[in-house]
Amino acid sequence: MAVNAEQSYIEIYNEFQKTLCAKSAPLLNQYREEAFRAFKSAGFPSRRLESHKYTDLTDAFAVNYGMNLNRIEYTINSSDLIKCEVQGINSYLFFIVNDTFYCPASSQTEMEELRSKGVLIGSLNEYASSHPELVGQYYNKIVHADEEATVAFNTTFAQDGFFLYVPENVRLEKPIQIISVMHASMPTLANARNLIVLKENSEARVLVCAHTMEDVEFMSNRVTEVYVDRNAVYDHYKLENTHSKSSAVSSLTIRQMQGSNVLVNDLTLHNGLTRNTVTIDLTEEHCETLLCGMAVGDGKQHVDNTTHINHLAPNCKSNEMYKYVMDDESTGAFSGKIYVAPHAQKTEAYQVNRNVCMKSTAKMYTKPQLEIYADDVKCSHGASTGQMDDNALFYLRSRGIPEAEAKMLLMFAFVNDVLENVRISALKDKIKILVEKRFRGELSKCSGCNVCR
Amino acid sequence: MSENIVDKVTQGEYKYGFVTDIETDVIQKGLSEDIVRLISKKKEEPEWLLEYRLKAYRHWLSLKEPRWAHLNIPEIDYQNIYYYAAPKKKESPKNLEEVDPELLKTFDKLGIPLEEQKHLSGMAVDAVMDSISVKTTYKENLAELGIIFCSISEAVKNYPDLVKSYLGSVVPYTDNFYAALNSAVFSDGSFVYIPKGVRCPMELSTYFRINAANTGQFERTLIIADDDSYVSYLEGCTAPMRDENQLHAAIVELVVHDRAEIKYSTVQNWYPGDKDGKGGIYNFVTKRALCKGVSSKISWTQVETGSAITWKYPSCVLLGDNSVGEFYSVAVTNNFQQADTGTKMIHIGKNTRSHIVSKGISAGKSQNSYRGLVKVSPKATGARNFSQCDSLLLGDQCGAHTFPYMEINNDTAIVEHEATTSKISEDQIFYCNQRGISTEDAVGLIVNGYAKEVINKLPMEFAVEAQNLLQVSLEGSVG
C-alpha cells in the first residue's frame, strides 16, 4: 500500500463506489465522479508543488488506514468524550466522531432550543437527504476540487460531517462547540465534511476542538465551507490538541458578503503533522476579516499554515497574524498570500508572522506574499524569525525568576497577541490556561484520553 | 490632471533605439552539438572548454524552462536564434583609428568613454559589441598592478588554469535551464582577477550591447577577488530598438576570498518593447557570488529599467565566517514589462550578515515582483538578515507583488522581513505643486527620492545615469 497511496485509494473508490453511494445522500454522491477525476490526475500533493514546498503529504497518506465506508456505528461512550472538551464554557456541545455527527443526550434540549429559533444543526448527510434544495445551494460550491487534491479526495469520499444553518436576524449568544474526535482501535482515515451557512444579519461562533483518543495513527482530512451573508458576524476558533501519530489536513474556505465580519483563530498545541489551508474570499464591499493563529511545536511536530486572503471587492479590510514557537526538532511553515484584485481599491490588508526558534534543531519556513493589482491600497507584510531576547531573560532572572519560568513567561507573552483575539471572554481565559499548561509541559491533552494516561 | 501624468508616464517610449549597421559574421540559426562545436572552434578554444560546453548542452536537453516565476513568458523557439555573431574580424585594431568608425559612433551615442577624452573619467572599458570584445583600454595600467581585466575568450587563451579552476564553480551548468544554455553557447564576457592585497584603483566597467537582429547574447562574466583585495565593477546596458524578441541569458560568477570585497553594480536598460507590449528583450540572468573566505563581502546594486521580461536573482552564498552579503535593487516596469527579480542569501558560515533593500516601481500595465530567499543553514550560528521591499504603484492597472521565502534552520538566527505597497499620495503631489513644482516634476522627484537609498549605493558615474534612466523609463516625454 505504501508504494503508491493514490493507486490504492483509486482502487478502493472503484471497488466500493456503490457502498459509498448507498450509505450517503444523493447530493453528496452527485459530486464524487468529478472530484475523483480531479484527484486521479493530481494525486496527493508532494514537495514538488509550490503550495506544498514545506509539507509533503504523500507519506502521510501512505499509511495503511482503514476507512469506515460502510458506516458501521461505533459504540460511543459519551462520558469519555465529554472529558475532552474545553471545560466549563457555556456552549451548545456536539461531537464529530471521526466523520460522524453525534449529539449527546445531554445536548438534546439545546438542540431543541436551537431548532426553535430556526437554526438547523446536525449531520450533513441527514440534512442533505431531508433538505436537498437548501444544502444543494451551498454544498461544494466554493471549494475547488481541481485546485487542491486533498479537497478533491475529501469530496470523493465524504459521507458526513457537520451542518449549521443560521437564518436571517438570528444571533446566537452562546458559542457552538464541536468536539471532533478521532476514535478507533486501528489506523483510521476520516473525511469529515462541514458546511456552515450564516444568513443576513445573523451571528454565530463556532469552536472546534480537534482531539485523538487511541494511540494509533490517524489521518483526518477535513473540509469546511462557510458562507457569511450580508452583515453577518462569524467567529471560527479551532484548537488542535492531538498526538504525535496524528496527521491532520484541513481546508477552511470562507466566502464573505457585503459588510460581514469574520474572525478565524487557529491554535495548534499538540499534533503530529498538520496542514491547515485557510482561504477567505472578500467578495463584496466593506467586509472585515481578522485571521490569526499560533502554533507551539516540540518533539517532531510539523505545523503548516497556508492562508489566502482574496480581496475581490473595494473597501475591505483584513488583518492577519500568525505566531510560532518551535522547540526540539519541530518544523513550522507559514505561507500567507494576500491577493488584491484589479479595482479592489481602498483595500487595507496587513499581515504579520513572528516566529521563535528555541533550539538549533527547530526549523521555520516562512513565505509571506503580496499580490497586488490595484494602486490605491494599503498593504504590508512583515515576517521575522529569531530567538528569545537575552536581555529580557536576564532581567527576569535577575529578579529571582528561575530560567525555565522566565522562558515560559516570555513565550506566553509572545503568543498572547494571538490569544487576545478571542471574542468570548470565558473561552479566552480557558485558552490562555491551556496554552500556559502547554508551555509548562503539563498539558496532558485531555484528562480523558487514553493517550495521556 | 493626474490622469494626464499617468498617461504621459506610461506612454514614454524608449529613447535609445537605434541600429548600428556593421557587417556581422553569423553562423546559421539553431542549436545542436555541431553549433556548439562550431562556436568553440571559431573562438579557438581548448579541448576542455569544448567538453564543458558539450556537457552543458547535453544537460540542457534534459531540462524544461522554469515556469514558477510570476511571469507570462511567450513560447521561445530555441532553434530560431543565432547563437553566434561577431563583428567581422578584419585585423585586430591597434589604436582607435583602426576601430570601425560606425562602432565608435554607436558608443558615442551611448556615451561610452572609449575615446581619448574619456580617459580622464578614469574608467577602463571593455566594450562588448555582440559577442566579441572589440577593444579593451587601460589594460596596461591595470596589468602593472597584476590585475587581469580582459574578455573571457582572451582569458581562456592566456590564463587557462585560472579560468578552468573557477569557471562553473559558483554557477554549475546544472544550475538551471538558462545557466545550462549559457554554459553551452556562451559567447563572450569579462574576466577579472584581482591579486592578493590589491585595491583596484578605478571602477572597472563593461558595456554590453545586443546588436545584430535575432542574436541571442550569452555573456559570461567571471570575477575573482583574491585575499584582501577590492574591486568595484560596473555593468551597463542599452540596446537598439527591435521588433522581434531577443533572448538574453547571461551568467555572472563572483568569487571572493579572505577579507576581499566585490562591489557589483548594474544599470540595465535594454529595449523594453513599445507601449503596446510588442518586442523587447527577454532577460534571463543567473548571477551568483560566493563569499568563500572569512570576512569577505559582496555588494550587488542594480537598477533595472529595461527588458520586456526580467528573470534575475543576484545571489550571495555566505560560506566564509563573518562574511557579508548586500543587495540593493530598484526595478522599474512600465507599459507591458514584466519583472520577477530579487535575491538569495544563503547563510552557511558563522556570524554571516545580509541586508536586502528592494524598491519596485510599476506603472502602465506592467507586473513587478520581488522574489527572495533567505536561508540559514543549521551551522550558521549568529546569522543576521534584514530585508525590506517596498513597492510603488503608479496607475491602477499595474501589479506589484512580493514573494519572500525564509528558511531558518538555526535558533540563533535573526531574520526580519518588511514589505509595503503604496502609491504616490495626493498630499505629496499637492505639497510640491504648492511650491511651484509641476506635477510631472513632482512625480520624478518623488520617485527619485523613493529610490535614493539604492541609487546612493551606485558609484558616482552610474548614479547620474541611473537617475536619468528612472526619468526616461517612467516619465517618457515628461522628463
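Good morning. The model before you is predicted, so local features need pLDDT of at least 70 and side-chain atom pairs count only at pLDDT 80 or more, whereas totals for chains, interfaces and linings use all residues. Residues are numbered from 1 along each chain as its sequence is written, with chains lettered from A and ligands numbered from 1 in the order in which they are written.

Let us begin with chain A. Its secondary structure comprises 12 helices and 20 strands; these are DSSP runs, helices being H or I of at least four residues and strands E of at least two, numbered from the N terminus. Of its 453 residues, 53% count as buried, that is, with 20 or more other C-beta atoms, placed from the backbone, within 10 Å of their own.

Helix α9 of chain A, residues 149–157, is mostly covered, with 9 of its 9 residues buried. Among them are A:Phe153 and A:Phe157. The buried residues of this helix pack against several elements of chain A, including α1, α3 and β7.

I turn now to the two chains together. Their contact takes 31 residues from chain A and 30 residues from chain B; two residues are in contact if their C-beta atoms, placed from the backbone, lie within 7 Å. β19(A) gives the most to the chain A side, with 10 residues. β19(A) also pairs with β23 of chain B, residues 399–408, in the antiparallel sense over 6 bridges; pairing requires that DSSP finds at least two bridges between the strands.

Methods:
Buried ≥ 20, exposed ≤ 12 C-beta atoms within 10 Å, placed from the backbone.
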